[in-house]
Amino acid sequence: MVWAVSTLTMLALAGLLPDFQLQSSDGDSITRTALTAVWGAGAFGLLTALVWPVVVRALLLVPALVLGLLVFFLNGSLLLIALWLVPDGRGAADPETAVVVAAVMSAVASATSTALAVRDDDAYRRRLYRLADRKRPRAVTGGPGGGGPETAPGTLFLQLDGVGHRVLRDAVADGLMPTVAEWLDSSHRLTPWRTDWSSQTGASQLGILHGSNEDVPAFRWYEKDTGRLMVSNRPASAVELQRRAIARTGDGGLLTVDGASRGNLFSGGADQLALVLSMAARRGRSNRSRAGYFAYFSDPANAVRTAGSFVAETVREVAQSTRARLRKETPRVSRGGTYPFVRAFATVVERDVVVASVIGDMLAGRTAVYADLVAYDEVAHHSGPHGHDTDRVLARLDRSIALIAKVAEHAPRPYRIVLLSDHGQSPGETFEGAYGLTLRDLVRAGCGLPVSRRVRRTRWGHPQTESGGGSEARDAARDALRSALHRPVEEDGEQPDEPVGEKSEPVVLASGNLGLVSFPGVPHRMTREEIDRRHPALLRTLANHPGIGFLLVASAEHGSVVLGPGGAEVPVAELADDGPLAVFGRGAADAVRRTDGFPHVADIMVNSMYDPATGTVHAFEEQIGSHGGLGGEQAHPFLLSPVELSEPVPDVPDVTDGAELVGAEQVHQVLRRWLWECAGPQVPLEISPPTSDAEAFLPVDRPVVPEKNN
């Protein structure tokens with residue numbers, strides 16, 4: 001049937017496209033032309049079935065973004081070969097036309113085969129197996145409930161990256177996510193949880209999958225002892241963070257028993273991996289992370305469909321950003337360059353590959369699957385967490401959830417599907433957009449270092465309510481900044497007590513609305529007293545800037561202190577959810593206190609201001625939807641769990657009844673408990689290796705190649 005429909009499609013295209021011919025130059029009868037179409041469609045079908053998977057496997061080392069763009073041209077090449085195989089040379093097409101004909105024929109063939117399989121469960125199931133390259137379901141073992149070997153439920157953890165608790169509730173109320181709404185009405189419960197100070201995927205997912213996010217102070221940070229810049233979404237950094245977590249906890253992770261990790265930063269100890277960042281540190285053919293691409297793109301219909309959606313999403317982003325500029329919407333950040341392609345990859349390619357992998361995992365009967373869909377997080381960074389752009393992304397995510405739930409009905413075991421997020425996002429204009437200078441500019445000015453001329457006319461924004469000493473402190477900070485800004489640009493700003501040749505300039509990093517300032521020339525964590533001696537204006541310049549909420553800095557006298565506007569100063573040991581942290585809400589003091597104990601905490605930790613009336617923060621990077629620090633929705637993700645599973649909060653150690661679930665490590669405990677309830681105790685991977693053998697327990701089989709610190 002597919003062959004017949006493809007033949008008719010080829011005949012129709014030959015009639016519509018002048019550069020596509022199925023006849024000889026002298027003309028042919030209708031019968032002869034039809035036979036040529038039959039031959040061409042059959043040859044094209046065989047080539048796509050036999051040659052395409054080999055071509056895709058050979059191209060696994062090609063970046064996914066490039067592979068998506070090559071799909072059209074590769075498919076067109078196969079059509080040209082198919083026409084070349086037609087007897088007597090009756091088939092011909094220009095290369096450009098061949099691309100169009102191949103795309104249309106693949107789409108029609110895919111639609112036909114799907115339609116034929118709608119009422120045939122076995123055919124539908126076989127097709128889904130093909131999508132994820134799964135040949136046979138494996139044996140399923142029984143669980144603690146005494147069920148038979150075919151009834152023990154598996155568990156799917158589906159992470160909606162960056163979707164906060166409030167965003168999910170609003171999307172359900174607005175009818176954007178009907179599948180989630182139906183679950184809430186019938187089968188699932190919604191539970192909010194609170195992140196650590198570092199409210200970002202690197203810290204949250206490491207804690208959720210590996211049970212520890214100790215010493216992850218931000219998305220990116222500088223380590224003085226190694227001279228290394230750690231960035232959570234770099235492969236070498238991800239594999240090192242995973243190694244540290246495994247060494248700290250003594251087990252391989254949440255997914256060590258018959259698990260699969262899809263689209264995540266870390267493996268969670270899973271054996272089945274696709275698009276896992278820590279796998280990208282592997283070199284050579286043993287890198288299984290790219291296998292997810294082959295499993296999906298080996299079907300040419302999938303490749304064409306995803307490539308078409310990729311182009312559509314790119315055009316959609318260009319149109320949306322143009323509309324925002326024409327309407328002069330604020331806040332707004334640049335969305336040009338390669339960003340439309342990055343967005344299309346996150347919202348189309350990554351989504352399609354991860355969903356197909358999850359489908360294959362369920363049909364193979366895997367015990368535990370953890371997958372991350374990053375579409376919303378990527379779009380919200382540049383469009384804001386609330387609005388038309390993100391609403392459309394949420395609606396498409398709901399359709400993906402519905403597809404996965406439908407496929408679960410065909411799995412060899414029942415599945416309990418848990419939705420969760422790793423953090424939310426808080427809206428707000430960027431720090432630079434609000435005040436005309438970056439955090440790096442402000443730090444350099446406070447250190448007396450040269451700054452660019454554009455910073456000289458900076459704005460302080462609307463003054464907050466001041467009184468007495470607070471006003472004097474703000475005036476002093478303003479004078480210090482103005483004095484620094486009026487230094488000659490050619491001055492090097494070198495401090496007399498710093499040896500010449502030492503690396504004296506500060507390293508200033510941004511993780512959403514959390515900033516980190518480190519002084520590489522000093523091997524230890526600097527104290528407030530040391531910073532004041534070297535840079536007398538720096539701390540008061542930062543603490544009294546209206547765009548900054550508070551600072552955390554070590555102190556020789558008090559251990560560590562939190563500094564706020566108006567001269568506020570509270571030792572960390574005495575810190576409570578009031579004073580400088582009052583607007584940041586419940587748990588802020590505990591979050592700051594925990595981070596203060598990390599070995600690699602920065603010399604100065606800087607959290608932006610937060611306005612509880614508007615829910616806005618100021619990101620220190622180019623994002624109008626941000627996360628990474630304290631303040632607003634970014635710290636409040638969610639758990640959406642089936643009611644058959646136990647309540648998330650009461651059984652967590654050290655958490656009292658009615659209390660909030662706090663921190664990714666506690667979420668890990670909850671998910672482990674649920675796995676036990678579904679499929680029995682999860683036996684951890686025992687680890688007590690010497691340091692030299694630590695990499696044996698990581699998803700790399702040779703030393704990791706360090707990245708450049710740039």
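Start with the charged pairs: the count comes to 30 salt bridges, a salt bridge being a side-chain nitrogen of Lys or Arg within 4 Å of a carboxyl oxygen of Asp or Glu. Side chains of opposite charge can pair when their charged atoms come close. Before you click on, note that this is a predicted model, where local features need pLDDT of at least 70 and side-chain atom pairs count only at pLDDT 80 or more, while totals for chains, interfaces and linings use all residues. Residues are numbered from 1 along each chain as its sequence is written, and side-chain values use heavy atoms, with hydrogens and water left out.

**Stop 1: two salt bridges across the sequence**

Select D603 and K224. Their side chains form a salt bridge, 2.8 Å from N to O. D603 sits in the loop between α20 (588-596) and β17 (604-608), and K224 in the loop between β5 (220-223) and β6 (228-231), so this pair ties together parts 379 residues apart in sequence. Those labels follow DSSP runs numbered from the N terminus: helices are H or I with at least four residues, strands are E with at least two. Is D603 buried or exposed? It is buried, with a relative accessible area of 2%. Here buried means under 20% relative accessible area, exposed means over 50%, and partly exposed is in between (1.4 Å probe, protein chains only).

Next, select R323 and D389, whose closest N and O atoms are 3.2 Å apart in another salt bridge. R323 is in helix α11 (residues 300-326) and D389 in helix α14, so the pair ties together parts 66 residues apart in sequence. R323 is partly exposed at 26%, whereas D389 is buried at 7%.

**Stop 2: neighbors and a network**

Now pick R351 and D352. They form a salt bridge too, with 3.0 Å between the closest N and O atoms. D352 is buried, with a relative accessible area of 15%. Then select E313, R316, E317, R323, R335, R343, D389 and R396: salt bridges that share partners join them into one network.

**Stop 3: a histidine in a helix**

Go to H382, in helix α13 (residues 375-383). H382 is buried, at 16% relative accessible area. Which residues does it touch, leaving out those up to four places away in sequence? They are V333, S334, R335, Y339 and I624, where a contact means heavy atoms within 4.5 Å. Also look for the backbone oxygen of E378, 3.5 Å from a polar atom of the H382 side chain.

**Stop 4: a covered helix**

Select residues 201-210, helix α8: 10 of its 10 residues are buried. Just after α8, G211 takes a positive phi of about 80°.

**Stop 5: helix α7**

In α7 (residues 178-186), color T179, V180, A181 and W183, which are buried. The buried residues of α7 pack against α6 (165-173), β4 (188-194), α14 (388-408), β10 (415-420) and β21 (638-642).

**Last stop: zoom out**

Show the whole chain, with its 21 helices and 22 strands. Of the 710 residues, 57% count as buried.

Technical notes. A polar contact is a pair of N or O atoms within 3.5 Å; within protein, one must be able to donate a hydrogen and the other to accept it, and residues adjacent in sequence count only if both atoms are side-chain atoms.
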